[in-house]
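I want notebook entries on this model, in the order I looked things up. Confidence goes ahead of geometry.

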Amino acid sequence: MRDLGVGFGFLVQGQKWVARHGRWFGFGLLPGLVTLVLYTGALVGLGYGADDLVAWMTPFADDWTSPWLDIVRGTLTALVFAFGLFLAVITFTAVTLLVGQPFYESLSEAVDRGEGGEVPESGLPLWRELWISARDSLKVLVRVAFYGILLFACGFIPVIGQTVVPVIGFCVSGFFLTQELTSVALQRRGVEFKEHIGLLRGRRMVALGFGVPLTLSFLVPFVAVFLMPGAVAGATLMARELRGETSGDDDRDDLFRKNGREGGNLPSAGGDQGVHHLPH
């Protein structure tokens, strides 16, 4: 349970960081606003078309009488929209990060620079970074789709489908949301996808403590846009902890430091390096 608090602490610290650096907060809002417009249109379309989609999927129920027809199709309609919302929460971050790659990479570098020590640079051209980001996001989406279909099917199980399954769904969403956000900082450090997943599995509760509250907050309209800059900042702090990097000016409390040591992290020796992709 303590690791859950550590993960949530990184999320809070990220929001505090952008609050102290208002210019970066405004800078990080732009990609989220663009993506929000696209996703709002898609979800509105799904809301209007879910009934027709379910009717097309269940032609065998056309001759059923009430209340069974209404119960079955009403339940399926709710599940279809919930599944779409589930995918939207996960893919929103992936698409926003892809759209705002230069923005969020610069924000992440600013956090590294403020924390002291090394500011890693991938050394790759922008097109290559975008390709790696898109490729890894696709790997995540395949996994999310697999879990989403499995959970969708489990949703038909009485009681469990309405209680346990949604909780598992939020945990899955939170884990992969954390993976997407920490990829900004870890990609600059040359961490490959498998190693990245391994790092998060090794601190699974920390990842859930960071990602699940963020997933829940993303369900509130417009909140995702305003939390994204701080989420990227917090994920950078988490990435530093996962990699065992020390901070020169760390205002996190002793609990976070203690948990970092208990996680078996080793400090890395890094020099100061200023990396600017965009003018500061």
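**Confidence.** I checked pLDDT, the predictor's confidence in each residue from 0 to 100. The mean pLDDT of the protein is 79, and 85% of its residues reach 70 or more. This is a predicted model, so I kept to its rules: local features need pLDDT of at least 70, side-chain atom pairs count only at pLDDT 80 or more, and totals for chains, interfaces and linings use all residues. Residues are numbered from 1 along each chain as its sequence is written, and side-chain values use heavy atoms, with hydrogens and water left out.

Over residues 248–280 pLDDT stays under 50. The model still has 71 contacts beyond four places in sequence for that stretch; contact means heavy atoms within 4.5 Å. Where pLDDT is low, the predicted coordinates should not be read in detail.

**Fold.** I counted 10 helices and zero strands. Helices (H or I, at least four residues) and strands (E, at least two) are DSSP runs, numbered from the N terminus. Among contacts between residues at least 6 apart in sequence, 81% join residues at least 24 apart.

**Surface.** The protein exposes about 13,700 Å², and carbon and sulfur atoms supply 68% of it. I used Shrake-Rupley areas with a 1.4 Å probe; for residues, only the protein chains shown count as cover. Of the 280 residues, 45% count as buried. Buried is under 20% relative accessible area, exposed over 50%, partly exposed in between (1.4 Å probe, protein chains only).

**Core.** I looked up the largest nonpolar core, which has 46 residues. Such a core is a set of buried Ala, Val, Leu, Ile, Met, Phe, Trp, Tyr and Cys residues joined through side-chain atoms within 4.5 Å. Trp17, Leu181, Phe210, Leu214, Met228 and Val232 touch the most other members. Helix α9 (residues 223–242) gives the most to this core, with 10 residues. I then followed Met228. Not counting residues up to four places away, Met228 touches Phe92, Thr93, Thr96, Leu97, Tyr104, Leu181 and Phe218.

**Ser108.** I asked where Ser108 lies, and found it in helix α4 (residues 101–115). Ser108 counts as buried because its relative accessibility is 0%. Beyond four places in sequence, Ser108 is in contact with Val184, Ala185, Arg188 and Thr236.

**Helix α5.** I tested the length of α5. At 1.5 Å a residue, its 29 residues should span 42 Å, and the end C-alpha atoms are 41 Å apart, which agrees. The expected span is 1.5 Å times one less than the number of residues. Buried residues of α5 include Glu129, Ile132, Ser133, Asp136, Ser137 and Val140. An α-helix has 3.6 residues a turn, so residues three or four places apart point the same way.

**Rings.** How many aromatic pairs are there? I get four. Rings of Phe, Tyr and Trp (its six-membered ring) pair if their centres lie within 6.5 Å; planes under 30 degrees apart count as stacked, over 60 as edge-to-face and the rest as tilted. Tyr147 and Phe176 form a tilted pair, 6.2 Å centre to centre with 40° between the planes. The pair links distant parts of the chain: Tyr147 is in helix α5 (residues 126–154) and Phe176 in helix α6 (residues 164–188), 29 residues apart. Phe175 and Phe176 form an edge-to-face pair, at 5.4 Å and 90°. Tyr147 is partly exposed at 35%, whereas Phe176 is buried at 6%. Ring pairs link Phe146, Tyr147, Phe175 and Phe176 into a cluster.
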